[in-house]
Amino acid sequence: MAAPEWATREPCLMGIDEAGRGPVLGPMVYGCMYCARSYHDTLATLKFADSKTLKEEQREELFESLKDNSSIGWEVDVICPKELSAKMLKRSKVNLNEISHNSAMGLVKRALDMGVLLAEVYIDTVGDPEKYRIKLTEKFPGIKFVVAKKADSLFPVVSGASIVAKVTRDRALRKWAFDETAQNMHMNTGSGYPGDPATKQWLEDHKHPIFGFPTLVRFSWGTCKPFFNNAVEVTWESDEVEEDAGGNGSCKRQVKLSSLGFSGFKRKSEEIESSGKGRCKFFQARKLELNRRFQ
């Protein structure tokens, strides 16, 4: 996708903000808005404000107005709950701050790849503002970065970005289509925040003793764990091999899910993995080996 012509000819400002960092339900959305530096004074008159201070109808109206404004460009990065949980629970864990930083940097790169002449970028901070600024500057030398707490209430270009992110997330939730086919599923989720009684009730209504929650849920959130104190115990056949007491053979060890947590278990050695010893009979019979390229 190409940038608007004006964005490739004039130095531009960009604002970046997120929506949905805290909820246990739904995607986290990063949004950006950019305009020519010469348009900044006009931008300040368009009544953009921190999306959290606006009613839903006001946010929708402002979003439609910025979409129709030929002097403004915008982009979003929608990070689904399944992706958030997978990254936060993988062996080499990626925490939420790093996910946020990567999303923001991805939006900057996307704009640059489109040909936008970015001169200044304003971002609502995640973590220490100065460390974040240094990280961004090292990644994109030549661009001035301003990282601040509550940037969405300080800079109109970030206020606009917060509206882009918030409206995109709200629409995604309103139009959410469940992958699951269970009956009696609904979207009366409350705010989606862990402390909301309506959200807690929704989690209670939609838990499954074996399969957990629908993919709307960020199952890496600590909020989810108490709901499965009485869940069905699952036992998996381990890839690990234990020598028997006499040293004349080996036996497969059963691994309980509760002993693994959400993050899986440690393998014993590469030799065991590559030889297939102790692996499930399905893999042994087919002489299938572990391909580390796809881990």
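Start by selecting Glu120 and its contacts, meaning heavy atoms within 4.5 Å. Leaving aside neighbours within four places in sequence, Glu120 touches Cys12, Leu13, Met14, Arg37, Ile143 and Lys144. You're looking at a predicted model, where local features need pLDDT of at least 70, side-chain atom pairs count only at pLDDT 80 or more, and totals for chains, interfaces and linings use all residues. Residues are numbered from 1 along each chain as its sequence is written, and side-chain values use heavy atoms, with hydrogens and water left out.

Glu120 sits in strand E4 (residues 118-124); strands here are DSSP runs of E with at least two residues, helices are runs of H or I with at least four, and both are numbered from the N terminus. At 13% relative accessibility, Glu120 is buried, that is, under 20% relative accessible area with a 1.4 Å probe, protein chains only.

Now show the side chain of Tyr122: a 2.5 Å polar contact links it to the side chain of Glu120. (Polar contact: a pair of N or O atoms within 3.5 Å; within protein, one must be able to donate a hydrogen and the other to accept it, and residues adjacent in sequence count only if both atoms are side-chain atoms.)

Val157 belongs to helix H6 (residues 156-174) and is buried at 2% relative accessible area.

Last stop: Asp196, which caps the N-terminal end of H7, with a side-chain oxygen 2.8 Å from the backbone nitrogen of Ala198.

Key:
Buried < 20%, exposed > 50% of the residue type's maximum accessible area, 1.4 Å probe, protein only.
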